[in-house]
Amino acid sequence: GGPPTATELSPGDAVAATFGIGFALNDQTSLTLSYQQEHVFGAFADRKAIKGSDYDFGSFNFGVGYQISKRVSINLGVGIGEGPNTPVAKILFDIPIRFSAF
């Protein structure tokens, strides 16, 4: 309770590293495997550190791409979270279409 008070919040900075490999199975199909790790430093409220606000999270990523034509391809990616602060899984499906002005 009580009246609202203004607080200066400063979210923590973050540093991330990703490594992986991609390779072609043939001229139309490719696979990718990667791992991403990120560390988020602690946040501050009124220039005082917020205890327990720093955390780490990681993700294993797998993907496959297939080129349907010279203009259209299909990509499917799956990410599996590692650690308590990471989403359990993520799925990405996209269909990039290449347009040409000429």
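Reader: Which residues lie nearest the centre of the largest pocket?
Author: This is a predicted model, where local features need pLDDT of at least 70, side-chain atom pairs count only at pLDDT 80 or more, and totals for chains, interfaces and linings use all residues. Residues are numbered from 1 along each chain as its sequence is written, and side-chain values use heavy atoms, without hydrogens and water. A pocket is an open set of points on a 1 Å grid over the protein atoms alone, where a 1.4 Å probe fits, with protein on both sides within 12 Å along at least five of seven lines; lining residues have an atom within 4 Å of a point. The largest pocket has 18 lining residues, and nearest its centre lie Phe62, Gly63, Gly77, Val78 and Leu92.

Reader: Which elements give two or more residues to that lining?
Author: Strands here are DSSP E runs of at least two residues, numbered from the N terminus. The contributors are S3, strand S6 (55–67), S7 and S8.

Reader: Which residue in S8 stands opposite Gly77?
Author: Strand S7 (residues 73–82) and S8 run antiparallel, joined by six bridges. Two strands pair if DSSP finds at least two bridges between them. Opposite Gly77 stands Leu92.

Reader: What is the strand order of the open sheet?
Author: Its edge strands, each pairing on one side only, are strand S2 (14–24) and strand S8 (89–94). Five strands form this sheet with antiparallel pairing, in the order S2-S3-S6-S7-S8.

Reader: Is Thr29 buried or exposed?
Author: Thr29 is in strand S3 (residues 29–40). Buried means under 20% relative accessible area, exposed over 50%, partly exposed in between (1.4 Å probe, protein chains only). Thr29 has 16% relative accessibility, so it counts as buried.

Conventions. Helix = DSSP H or I, 4+ residues; strand = E, 2+ residues; numbered from the N terminus.
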